[in-house]
Amino acid sequence: MNHSFVPKAADMLVVGPETIVAAAAMLILLAELMPARISKAAAPWIAALGLLASFIPMTTTGISVRTGFSGMVVTDGFAVLMKAVLAVTGLLTIGFSTHYIKREDLDRAEYYALVLFAISGMMLMASSANLIMVFLSLEILSISLYVLSGFARTQPRSQEASLKYFLLGSFASAFLLYGIALVYGGAGTISLAGIANAIASEGAARNPVLLAGAGLIAVGLGFKVAAVPFQMWTPDVYEGAPSSVTAFMSVGAKAAGFAALARVFLTAFGDIKVDWMPALWAVAALTMIVGNVVAVAQTDIKRMLAYSSIAHAGYILVGLAAANQAGVSALVFYLAAYLFMNLGAWAVVILAGRRGEAGTEIDSYNGLFWRNPGAAAAMGVFMFALAGLPPTGGFMAKFYVFSAALQANMVGLVVIGALTSLVSVYYYARVTVVMFMRDPEPDAAPISTRGLLGVTLAVTAAATIYLGVLPGQLFQLAGLAQIARP
Amino acid sequence: MLSAYFPILVLIVLATGFALGALTLSHVLGPKRPNPAKSEPYECGMRPIGSARQRIPVRFYLIAMLFILFDIEIVFLYPWAIVFDHLGLFGLVEMIVFIAILVVGYVYVWRKGALEWE
């Protein structure tokens, strides 16, 4: 009998980070055996330690290319850097969650367990070398996020967000599955390397079934990254879900979705990129235009940031549409920069908000500078970064994405990107203006910056400026983000 | 060629015979004290006649979901038991890890009182 399917310890190293994160999540569930007071206090620490420990297998494998479990999973420079982005996202999420979930009365250990389970799914997505692994990891992260969106279960808005996300998310999963089935029909395999082989050698490239399958996979993953025209759920879910969850999924789910999109389309469908590049071109252009233009009309900061996250998905799609190595590196750099500026902005939203998700109107940021100068200054940095103004990480991120697109001769897309960035300056600057130039409401009390939330704010603001002034180190790292060609 | 299917025929005869035998024996030997609740098709408190569109306690849903989870465990255990000899120590460790993960879930739902029917 053939024993080749029996995995070795080396296989575990490929999925080491996600295994550690999932184990930490289960440890949190087991901690429930202890009195509630202890398990609640221990949960964020277990979560943080698990995320920190996940860096050990990442540094062990480094950027070396290894496959595991009969080619079901793969680790390479791209996978490791995406996992690092996700682990940092998790750490910062814990940083701004501890204060928030106490204020909103959501202080349960399950919150951290679900965040960790979602991260393990996201990490697995970056390592998937088989379409069935893409689907499996998508479900791990989606189901955790559906529950997290409804975590404020006594609030109708949170329930509504959870249900909407669940229904539309299941719909998108069905699209993805249908796409996988069609690709199997066209290529005769669902392993990414096998599909690439079939396209290269057996002439499956002109098979309409395969092309339709690729399209449906793009729809399923496009939903997760909130690309137009699959963005309908985003504003409602982002507004209704607890703020800390929204912040987490606006970065985490996006990073995971882009990791899968990049790997599937550049490895399996790499040889038919002439077919999908125009489609991604159009989706990227639409996403940048719709996201930025609709964000102008928002009066609620959570909805504004939701449309802003749609717009940023568009900029990242520009890097993907370029379909070259510069585009992949730019994508990783963008997600790393976006992670700090976006999570930072959400941390200020959490700090300035009041119990019961109150105080999210942009008007309630009037004179924030006089209520908490530090938070207002940090928010100013994040708004400038999100708008893509130098000297912030947001500017460098856009610069790299656009130069990758220019390498691929996509001048039109770069022009659209630059013009929509100009539009975005309006709505980001408006927040800055009301914070610094308007008087606070007479009854508005000063806001104190509390422990871990303050640290999170300081770290994100410092990182955002650092990436703008000295982007070289991260850019070199992002250059190592090569997707292994099977 | 057809003889290869003979064991299946034997299985069908045995299975049918066992089911019929058990039913007949319990019909002949068992005491009968019917009451209205016992005569209903399902003895779980659901009214079998009437509109199906009524609200049911969410506890049914929870129990059904937990049942599926642990049922899947059994589904994996059977094929594993068949090839146990070939998998050796590795197969044992792998299954222990799998069951340990499910035990974490079991301990959790138990601790949270999800298995209690108030």
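I looked up the residue just after helix 4 of chain B: B:Gly113 takes a positive phi of about 75° there. Helices here are DSSP runs of H or I with at least four residues, numbered from the N terminus. The model is predicted, so I kept to its limits: local features need pLDDT of at least 70, side-chain atom pairs count only at pLDDT 80 or more, and totals for chains, interfaces and linings use all residues. Residues are numbered from 1 along each chain as its sequence is written, and chains are lettered from A and ligands numbered from 1 in the order in which they are written.

I then checked helix 4 of chain B itself. It covers residues 84-111, 28 residues, yet its end C-alpha atoms are only 33 Å apart. A straight helix would reach 40 Å, taking 1.5 Å times one less than the number of residues. I found a bend of about 70° at B:Phe90 (the angle between axes fitted to the seven residues ending there and the seven starting there).

Next I looked at chain A. Helix 12 (residues 243-268) and helix 14 (residues 301-322) pack at about 15°, with axes 11 Å apart. Axes are lines fitted to C-alpha atoms over the stretch in contact, and angles run from 0 to 180 degrees between N-to-C directions. Helix 12 and helix 14 of chain A are therefore roughly parallel (under 35 degrees). I noted contact residues (C-beta atoms, placed from the backbone, within 7 Å), among them A:Phe258 and A:Leu261 of helix 12 and A:Ile316 and A:Leu320 of helix 14.

Methods
Helix = DSSP H or I, 4+ residues; strand = E, 2+ residues; numbered from the N terminus. Parallel < 35°, antiparallel > 145°, perpendicular 65-115°, else oblique. Contact = placed C-beta atoms within 7 Å.
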